[in-house]
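Notebook open, structure loaded. I'm jotting down each thing I look up as I go.

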Amino acid sequence: MISARAAAETPARPQPLLTSVSRLAVVAQAGLALWLLAAWPLFVVKYLPHEDLPGHVVSAFIVNNISSFPEYAAAHGFRTNSAFLHWVCATSHWLGYMGAARVFLAAVLAITALGYAFLLHTFGSPRRVWIGSLLAAPLVHHWFVLMGMLNFSLSFAICVWILGLLVRQRARWSYPRASAIAVLSALAWFAHSFPLVILVMVAIADLAHAYLRDRPALVAAVREAVALVPALVMVVLGLLLAPVQELAHIPGAENTTWLGLPELVVRGFSNFVLGPSVWSGVALISALTLIVLAVRARDPRPPILSTTAVVALAVCYSCVPFAVSPVWANFNTRFLPFLWVALLVRVPAKLPRRLTGLLVCAALAGSATSGVWMMRRSADIEEFRSGLSHVEKGAKLLPLLFSVKSPGDNIEPFIHAWAYYAMERDTSTDMIWASRSVDAIHYRVAPPTRFHHDYIQNSPRTLFSAERWCATLMRGATLVPEDCRGAWEKEWRSYLKSASERFSYVLIWDPPVPALALIEESYAIVHRQGRLLIGKRRS
């Protein structure tokens, strides 16, 4: 007897041309609808509030203007994790730096949306494409995109297309299709190698599943694995020829952490599905519906992303460290996109009309709330930029960010907004990523430890108040001084004394009054607007 999986992989008869065209039209229409739901805010907001995006854009700016930043060296060459850099460097002359980033972001959303529709198309009827697309609505402008991790997001989007091609390759080997998979694998590697590693892992798990539990599907699983051999070669050669490593070692920056079960569950939603803030929590309707439908699915299991592959992904998500700092952050959560795709390919071909209507409303509401959030944060970033004219060209600028997000935000949209000052005033700051082999630029000489990227980023919030600082010391099992406030003021003065020797200006965002009073001892405030203050070093 032929298994359900083997039957599903039996090559179909050639479809009439008009039928094929109409099915492709459904893919295009569903993909376009998904893209519009995800991308419309890009056409109305003035400033993009995606967390790391300005920090990556300023790296491209420095590469193109390296003579103005002698403390850095550009990392030239063809390597992984550099698609965004090359695009911005190549097109900024015509589009501007943030304009080039906006076009790249729109393209990532389009490739993701069409990729979901194409993958769903390989599994069944046009109705299934539309149902799957409804459930995929919050999975397009997902958390990694909002974080500004566009290389990773592009690579994942390309891998979704590869998954669709692998479904067809399993059913019938095709050398042109194998070539297309190899080309897409090369593009995915150029964007970011990690999703490609996961894709190879999925193919190996599918092969093991077929060998152990579904022997009739073994030949098809071998075709899938063989088609990804070029991807495996790229990943291995990339690691051997250009290993990921820390180039400028910063003492005390190491921090390997794992997540407990409750946080794994929470991040399973927040770090891919739930959008930019609690206001986009309506996406929970689609996410929970997708989980229930996938668990209760009665249709034949999909030929790719087998049960064994899902278990492997879940184990990696649960057991891999969250942070392997300073080289990697959000390490285990990078398996999440593939877990959600594994649920998506198990959606049924038919839903009750009321549930379909609910999902339509959820998709529209999620799109609207995300767009409103982006418009509000865009206005905040405009406030953040208000001090541009008050900073001298070429100055050394220290960001002191006491808050990096608004209440309820799922990302930190202000944390790299200082990059506008670097691009528009040629200011130099040590918050730029420059200490790892994967970075676009590298330090010629590493900064002092307290002015390394991670420390500048976290110090103002750690020193927010005497109470918070002492609570941090207590959590770290450090001896807490008897005079907490006096010790806190001493720590601030020590920090500011070192800062005044290195930085001529400070960019202060949302400071508490006691901390601001200490800052003013070293830096005179020359501009105030809303939560932003600009301080100039006292003579």
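Predicted model: local features only at pLDDT ≥ 70, side-chain atom pairs only at ≥ 80, totals over all residues.

**Surface patch.** I started with the nonpolar patch, to which α11 (218–227) and α12 (229–241) each supply at least two residues. Helices here are DSSP runs of H or I, at least four residues, and strands are runs of E, at least two, numbered from the N terminus. The largest share of the patch, 7 residues, comes from α12. I listed its members as V222, V226, V229, L232, V233, V236, L237, L240 and L241, with about 790 Å² of accessible area together. That area comes from Shrake-Rupley with a 1.4 Å probe, and for residues only the protein chains shown count as cover. To join a patch, a residue needs over 30% relative accessible area and no salt bridge; nonpolar side chains (Val, Leu, Ile, Met, Phe, Trp, Tyr) are joined within 5 Å, like charges within 9 Å. A salt bridge is a Lys or Arg side-chain nitrogen within 4 Å of an Asp or Glu carboxyl oxygen.

I picked V226, found in helix α11. V226 is partly exposed, at 42% relative accessible area. My cut-offs: buried is under 20%, exposed over 50%, partly exposed in between (1.4 Å probe, protein chains only).

**Ground rules.** Residues are numbered from 1 along each chain as its sequence is written, and side-chain values use heavy atoms, with hydrogens and water left out.

**Core.** Which residues touch the most other members of the largest nonpolar core? Y116 and W492 do, out of 173 residues. Helix α5 (residues 97–121) gives this core its largest share, 15 residues. A core is a set of buried Ala, Val, Leu, Ile, Met, Phe, Trp, Tyr and Cys residues joined through side-chain atoms within 4.5 Å.

Leaving aside neighbours within four places in sequence, they are L34, A136, L139, V140, F156, V160, F272, V341 and L344. A136 sent me to helix α6 (residues 126–136), where 8 of 11 residues are buried.

**Cysteines.** How many disulfides are there? With the rule of two cysteine sulfurs within 2.5 Å, I get 1. C470 is joined to C484, S to S 1.7 Å. The S-S torsion is about 115°, so this disulfide is right-handed. The pair links distant parts of the chain, 14 residues apart: C470 in helix α20 (residues 466–475) and C484 in helix α21 (residues 484–502). Both C470 and C484 are buried.

C159 is buried, at 0% relative accessibility. C89 counts as partly exposed, at 21%.

**Two spot checks.** L184 lies in helix α9 (residues 175–191) and is partly exposed at 22%. Beyond four places in sequence, L184 touches I158, W161, I162 and L165. From L184 to D409 I get 34 Å, C-alpha to C-alpha, across 225 residues of sequence.

S406 sits in the loop between β4 (397–401) and α18 (419–425). Buried or exposed? S406 is buried, at 11%. Its contacts, again skipping residues up to four places away, are R377, D380, F414 and R531.

Conventions. Contact = heavy atoms within 4.5 Å.
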